[in-house]
Every structure is written in structure tokens, then in C-alpha cells.
Number of protein chains: 4
Amino acid sequence: MTEAEVVIEIPFHDVDVMQVAWHGHYVKYMEVARCALLDKIDYNYLRMEASGYAWPVIDMRIRYAKPLRFQQRVRVKAKLVEWENRLKVNYLIEDEKTGERLTKAHTIQVAVDIASGEMLYASPDIIYQKLGITP
Amino acid sequence: MTEAEVVIEIPFHDVDVMQVAWHGHYVKYMEVARCALLDKIDYNYLRMEASGYAWPVIDMRIRYAKPLRFQQRVRVKAKLVEWENRLKVNYLIEDEKTGERLTKAHTIQVAVDIASGEMLYASPDIIYQKLGITP
Amino acid sequence: MTEAEVVIEIPFHDVDVMQVAWHGHYVKYMEVARCALLDKIDYNYLRMEASGYAWPVIDMRIRYAKPLRFQQRVRVKAKLVEWENRLKVNYLIEDEKTGERLTKAHTIQVAVDIASGEMLYASPDIIYQKLGITP
Amino acid sequence: MTEAEVVIEIPFHDVDVMQVAWHGHYVKYMEVARCALLDKIDYNYLRMEASGYAWPVIDMRIRYAKPLRFQQRVRVKAKLVEWENRLKVNYLIEDEKTGERLTKAHTIQVAVDIASGEMLYASPDIIYQKLGITP
């Protein structure tokens, strides 16, 4: 099973006038966790590009349950849950200390052939190789 | 009907190595349009706070159809489609010139009583006043 | 004389807990004005790259006189003041309505030959062509 | 002597089309190091506010020697070098592995009395207490 987690401390510049992390900054926290996940399977952005595919995010959903505060340390968990036709990653953001669940989210990425610009309707073989499974 | 639109030119600092606007920056474009919408009904963030309510985003979904490029001018349309129990805003991002549809999204906000910190399960009267309708 | 100006409305997501624009966001405002300036001489980032040169910022200074607030409209003026060996741009940020001076800044960029990665100690001819002057 | 350092890995969303960290993002790296420094003397933003003073940045300079790249790990060192009339912090950004110096910078902050909005021309006593020195 392919998952990764990172710990992030909410920085001052992410906090808005309501004294909580502005909701748009969560996308960065999720990306840091997803990058850790992709590193684990040796398929980060640089490797993607070298493999001839870009994997743009085509769908993202974030459900905010509790606010994040300045200097709060949160654990961001990313888990790859689909890969056949697209990459779907689920995210959980939890308080590092208490484990309280703060946010749930997911992103969906599809392969695009960089040379032709065409979107692929099934994931290319490279993703199976990286995951160590047979297509 | 309550809607607003803004035109945004994609700035250099929003563009990533794939030469397109990084997907997290769309949240800013949507917010600028939502702020224009809230200004229209005289209920922007400052008025919200003065009314005793915060309206945090609790759910956001973005579907990315086509990439946005450096210096592309896009029209971001925001439309209030629910207000009884929560504020739901739908967004469309279109190319300014061609009108091509590039992104669809929505956000959902709920009222929180600032004094008590309690979330409200129905929108407070103030939102009906601002919309000029009877609850 | 080569100068440009843009008007920017300070967005919600740039405002911090002190209710003013976070000081790091000014770099974006300056860039938008500098891009307008570079467009004027037909030498924006895309043209730079096509000409074989990158122009990284190597020095930046910002002096903050007065804070910028949510929804404040500010005029950002960018003026090219050196080009022989490097591009130096001066910036002024003023309140749109009152003209009050809020911030002074400058950036310095040097040409880098993209092919060799070498920094140039004198500006390449292309900048003189774009400025319509004889080297 | 009052200094602190943090290690930051350059995230994907900070990297621009030239494949290097966009120059404006350095302000965030510096702030993370400055916050670590302020935590060390028990005078972070929350304590500042509780003490009745805000400390806005009024001057910032960054000299960029070498670019930062995606996933590069850098050490950001912050050192308090003045405190009598204003807080001056010097920064160095170095490659974590090689120690190569990549960026030099400084910020200057002054105390503002939150109640009156007045800028102070000498640092208030609280800063001496926090530094454990006699004014």
C-alpha cells in the first residue's frame, strides 16, 4: 500500500485575519505530502517529466472540519487509492499531538503525453512499474 | 440573482515548471470573484465580522478542464446558489477572449457565531437582509 | 523614459493577523508592475527566453512606510533606471485615491546566457534594441 | 548570541518556469527562520501582541547569489544583530549538504505601540527582558 506522511508547522504567512490558516494554503500542505508519496515510488515530478508524462491535477476536493492555527503542528497523510485510469490520492490532516482529524481531501491526476499533449484514458505502464505491480 | 465576475491576468509568479498556473492558485482567483460577489450584497469580510459572524469555507471542489497560462486573461464568475443553511457559491473560469470554459468549482461556507465559536445550522437573518429577501 | 503602472486591490488572502498585507506579498505587486513595464518594451519573460537570456533578480530592497489594508487600491509604479550592465527597476506604491506614498523598492536583474548558464557583465544588445537606443 | 536555523526543502509550488524558486518565496523561508529565532527568546508574534507591540518589517533586502531548485534542501540561518532601536536580523541561505552560500538578506523591524498606533524610536524594555540584558 502506498502512503506517506509529513509534519508541517503552520507558518505565520499562511494565517489570515481570522487567525487561522487561509483555506487556499491547504493545497500546499497536500502537495508536500503527495510529493513525499511520489518520492517513495520513485516517481516525483522530475521523473514524471523524464518518463514523457505530465500528471496535472484535474479534480480536487477539500473538506475543512477544524481550523489550523499559527504554529500548530499537523500531520498530513497521503494515500494512493486509485491508479488504473488516473491517480487518486486521499489526504488526512490531523493534529500532530492529539491526532484529532482536521481536514479530509482528495486529488485526481491524469496522465498527459507531453509530446502530443493528449490526455490518456488509462494510466501508462510506467505507473505499474513504479508501483511494482502487473498491469 | 446574485452573481459577480472579475477578470484576472495570470501572473508570472503563479506559473509552475509545466508552464501553467499551479492548481493551488485557483483558490485565489475564486476568492477574488467571491469577494466581488459579497461586496455586491454589502456583506464582505469586514461586514461579516461586524455582524458577529465568520463564514469559513468548509468544503471546496475544483474541476480543472484546461490549463491557464502566463498572461492569459480569464473571466472568473461567481454565483450564489444556496443561502438557507450555508452559502454555496459556484464558479466558472473562462478565457476572456474566446469564452472557452476552463474550470468549474464551488465553495461552501457556514456561519460561525464569533462570540461563542458555535457553528450555525441555519443561516442567520443578516444574510436574508443582505439579499433583500424574507427568510 | 520607460515606466509603467498598475492598480492592485489588496486581496483577502494577502492580509495577515495584523490586518495588513503581509510584507512578502509586495514582491508580487512589484512583479506585476515590472511585467507591465517589460511588456511595454516588448521584452516580457517569454521574449527574454526566446532571446536566449534569462534575467534573474539578484538584488531586491523594499522599504515599507505605511501598511496596505484589505481592499485598499494601490498604484504600483515601476521605472527602468539602469540597463547598461544590469536592469534596475525602481518601484513606488501609492494609495490610488490619495496618492500617499506607501512603499519604495527596487530590483536588480542581470542577463544570464541560457545556453551556457553564464552571467553577463554587460547587458546584451537585445535590451538596447528593445529600448530603441544605441549601445 | 541570538541566532537560529531551520532546514527547508524547496517545494514544487515555489518553483517557476525557469525551474528555480521564484525570488519572492525567499521571504517565507526567511520568516520561518526568524520565527524560530523569536521562539528562542520567547517573543514570537503571539507574545509580541500580548506585550502590546507589533513589530512590522520596515526594510528588507535580499541578495540572490545562486538559484534554489526543486527539492533542494537549504539551511536558513537567522541572527539578531541589532535590537536597541530596531530589530535587525541577518540571514544566510546555504545548501544543506555542501554549505555553499546561496543568498544573503536582512530585515529590519520596529516596535509599534498597538494601542496608540505610534512607532517607537527606541526598542521597548520587553525586548531587553527577552534577551536577558540590561537596557
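**Close-up views of a predicted four-chain model**

**View 1. Helix H1 of chain A on its strands.** H1(A) lies across S1, S3, strand S4 (73-82), strand S5 (87-95) and strand S6 (101-109) of chain A, and runs at about 140° to S1(A). Helices (H or I, at least four residues) and strands (E, at least two) are DSSP runs, numbered from the N terminus. Axes are lines fitted to C-alpha atoms, for helices over the stretch in contact, and angles run from 0 to 180 degrees between N-to-C directions. In chain B, helix H1 (residues 26-40) packs on the sheet and touches S1, S3, S4, S5 and S6 of chain B, its direction making about 140° with that of S1(B). This is a predicted model, in which local features need pLDDT of at least 70, side-chain atom pairs count only at pLDDT 80 or more, and totals for chains, interfaces and linings use all residues. Residues are numbered from 1 along each chain as its sequence is written, and chains are lettered from A and ligands numbered from 1 in the order in which they are written. The average pLDDT (the predictor's confidence in each residue, from 0 to 100) of chain A is 96, and 99% of the residues score at least 70. The model has an ipTM of 0.96 and a pTM of 0.96.

View 2. Ten strands form an open sheet with antiparallel pairing, in the order S1(A)-S4(A)-S5(A)-S6(A)-S3(A)-S3(B)-S6(B)-S5(B)-S4(B)-S1(B). Two strands pair if DSSP finds at least two bridges between them. At the edges are strand S1 (3-9) of chain A and strand S1 (3-9) of chain B, each pairing on one side only. Neighbouring strands are turned by 15° against each other on average, direction ignored. S3(A) and strand S3 (residues 57-64) of chain B run antiparallel and are joined by five bridges. Within this pairing, A:Arg63 stands opposite B:Asp59.

View 3. Chain A and chain B each bring 17 residues to their contact (C-beta atoms, placed from the backbone, within 7 Å). On the chain A side, helix H1 (26-40) and strand S3 (57-64) each supply at least two residues. S3(A) gives the most, with eight residues. This side has 10 nonpolar, two polar and five charged residues. Ala, Val, Leu, Ile, Met, Phe, Trp, Tyr, Cys and Pro count as nonpolar, Asp, Glu, Lys and Arg as charged, and the others, Gly among them, as polar. Between chains A and C, seven residues of chain A are in contact with seven of chain C. The chain A side of that contact has three nonpolar, three polar and one charged residue.

**View 4. Strands S1, S4 and S5 of chain C.** Strand S1 (residues 3-9) and strand S4 (residues 73-82) of chain C pair in the antiparallel sense over seven bridges. C:Glu3 stands opposite C:Lys79 in S4(C). S4(C) also pairs antiparallel with strand S5 (residues 87-95) of chain C, over eight bridges. The bridge partner of C:Glu82 in S5(C) is C:Lys88. S4(C) and S5(C) form a hairpin with four residues between them.

**View 5. The loop at B:Glu84.** B:Glu84 lies in the loop between S4 and S5 of chain B. B:Glu84 is exposed because 11 other C-beta atoms lie within 10 Å (exposed means 12 or fewer). Not counting residues up to four places away in sequence, B:Glu84 touches B:Ala122 and B:Ser123.

Terms used
Two residues are in contact if their C-beta atoms, placed from the backbone, lie within 7 Å. A residue is buried if 20 or more other C-beta atoms lie within 10 Å of its own, exposed if 12 or fewer, and partly exposed in between; C-beta atoms are placed from the backbone.
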